[in-house]
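Hi,

Here is the structure I promised to pass on to you. Have a look at it first, and then read on for what I found in it.

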Amino acid sequence: MKWVRKFHKWASIVVGIQFLVWLVSGIYFNLMDTTKAFGRTYKAHINVESRLDRERLVDPSTVLLKYQPSVSLELIKILGYPFYQLTHEKALYSHFKNIYTLVDAYTGKQFLIDKLVAAKIAELSYNGPGKISKVIMLESFIPDYPKQQNPAWQIYFDDEIDTSVYVEANSGRIIGHSDEHKRFADIFFMLHFMDYGNNGSFNNIQNVFFAIAALWLALSGFIWSIHLGLKGKYNIRR
Amino acid sequence: MTIKRKLKQYTNRKKALKASRKIHKWLMLFIGIQFVIWSVTGAYMVFFDIDYIHGDSLVVNHQDKINPHDIQYSLSTLFSEYPNAENIRLATFLQQTVYRFVVNTENVPVQFLMDARSGELISPIPESKAIEAAYYYSTLGMVKSVVLITDNPPFELSPRALPAWRINFDNFGAPSIYISKSTGELVGKRHTFWRLFDWMFRFHIMDYGDAEDVGNWLLFVVAFFAILGCLLGLVMIWLLVVKPFKNKAVSNKNKPRGVF
């Protein structure tokens, strides 16, 4: 038992404060408003009614022959206008590195999501009081969405919670919204996952180390409690 | 400081230590087991790389390219035959160029898979074709069993992916591959490590019902007392390790003995 107590003491010295951080951030997740925590305060559902003029569509095989080889061709709509989305390299998930070409489905010309188009897409997905104040291109890393691996437009809105909308530059897909509420909640996720490098992951070395210490702490405490119980130390009259 | 004040301070510390120890001990009688659960499940989730958990290594991400000359059944023919076709895609299925599209009949979306050469429907995918596809999408050895799931999907399969073939492999971690019966696409992949992860997560957030809900009251109550227990533990560290009893004015006899 002496060793169990020693383990408990030393494990608690190592992981005690982190354990408190885990518990406090955990109780925050328990209480948080998920709409706000995930940046969806001013997220609107996009619904653009538009009619597809099938007569005008360029033949898909013509499009496929014109561009580099494709894994798939998909007839999609962006802002109610039809496009063929060619996927040249398909990753397992949309947030991994994918290579696309967008082609105007009526003319067969390549289409690029520029600043103005990205701003328009963002505006339609937004139902807050703000106006667009700035649009910038993020080539490699989105601090608000660290797991995303494709370049994106960041569209700033001048509302009271600093909303930003992220639009994937090569597909026009809305990655998500972010605002003060999400950034605040993300601090707790960072603390809970010990993800101080903002890698969007909890599989990091510091977390592994403290998880081992936490295991020692909990298991030694558990054994200690059983021992106390067996020795009759859990006695209300004492 | 006078000896008297020092003694008083010492007694206060001793009282604080005794109370902390007692409450910590009693709290842990009730919630200690959850600390074990949190630590074990948390460690599991942290130790295994999330991409491994998600079964990314179970599947082969083929990059088969469409041969444009294969598309002999044109899009306009498709529209004349299926006037309500939506979400139209051209891709490959087992290296064959195919159309995939959705037709909404009475608000129920039905998906189709069609040979782009002949315009013949490939869907619904028969069992033999599903097995062939499963072998193509993965390198998991021999198929052990095949199940068709049309309703009440297991927890690990999204209801949107129905109907689907579940192909179980005889391999490490009992991997399963889900193939959509209507599109032939890979709609799911699971192995024991992911299934375990889901259970670990549920136990971690104390979701002992059937919804994956982190906002449950049980978690709140236990976490609240857990914070109290943790704080008392930290008080003990403070009194015994950070600022231990070093007071020479107090005789050795009165010093707390042993570790806490």
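Let me start with a sheet in chain B of this predicted model. Four strands, in the order 4-5-6-7, make up an open sheet with antiparallel pairing. At its edges stand strand 4 (143-149) and strand 7 (186-190) of chain B; each has a single partner strand, so one side of each is left without a neighbour in the sheet. On average, neighbouring strands here are turned by 20° against each other, direction ignored. Inside the sheet, strand 5 (residues 164-169) and strand 6 (residues 176-180) of chain B run antiparallel and are joined by 5 bridges. If you want a pair to look at, B:Ala164 sits opposite B:Ser180 of strand 6.

Is A:Ile76 buried, partly exposed or exposed? It has 18 C-beta neighbours inside 10 Å; a residue needs 20 or more to be buried and 12 or fewer to be exposed, so A:Ile76 counts as partly exposed. Leaving aside residues up to four places away in sequence, A:Ile76 touches A:Phe83 and A:Gln85. In contrast, A:Phe189 is 113 residues from A:Ile76 in sequence and 35 Å from it in space, C-alpha to C-alpha.

One of the paired positions is A:Glu89, whose bridge partner in strand 3 is A:Ile99. Strand 3 of chain A then pairs with strand 4 of chain A in the antiparallel sense, over 2 bridges, with A:Val103 opposite A:Gln110. These two strands form a hairpin with 5 residues between them, where A:Gly108 takes a positive phi near 80°.

On the chain B part, 8 bridges join strand 2 (residues 96-105) to strand 3 of chain B, and the two run antiparallel. B:Phe101 has B:Phe112 as its bridge partner there. This is a hairpin too, with 2 residues between the strands, and B:Glu106 in the turn has a positive phi of about 50°.

Now for the contact between the chains as a whole. It involves 46 residues of chain B and 47 residues of chain A. On the chain B side, the elements that give two or more residues are helix 1 (3-47), helix 3 (75-81), strand 1 (85-93) and helix 6 (217-242). Helix 1 of chain B gives the most, with 13 residues. By type, the chain B side divides into 32 nonpolar, 8 polar and 6 charged residues.

What about the nonpolar cores? The largest has 43 residues, and the members that touch the most others are A:Tyr84, B:Val98, B:Tyr99 and B:Ile179. Not counting residues up to four places away in sequence, B:Val98 has contacts that include B:Phe93, B:Leu113, B:Met114 and B:Ile122. A second, separate core holds 28 residues, among them B:Trp194, B:Met200, B:Ile205 and B:Leu219.

Finally, a word on confidence. The model scores ipTM 0.89 and pTM 0.87. Chain B has a mean pLDDT of 89, with 91% of its residues at 70 or more. Among the elements of chain B, strand 5 has the highest mean pLDDT (95) and helix 1 the lowest (91). Where pLDDT is low, the predicted coordinates should not be read in detail.

Best wishes

Notes: Residues numbered from 1 in each chain as written. Chains lettered and ligands numbered in written order. Predicted model: local features only at pLDDT ≥ 70, side-chain atom pairs only at ≥ 80, totals over all residues. Pairing = 2+ DSSP bridges. Axes fitted to C-alpha atoms, helices over the stretch in contact; angles between N-to-C directions. Core = buried A, V, L, I, M, F, W, Y, C linked by C-beta atoms within 7 Å. Contact = placed C-beta atoms within 7 Å. Nonpolar A, V, L, I, M, F, W, Y, C, P; charged D, E, K, R; others polar. pLDDT = per-residue confidence, 0-100.
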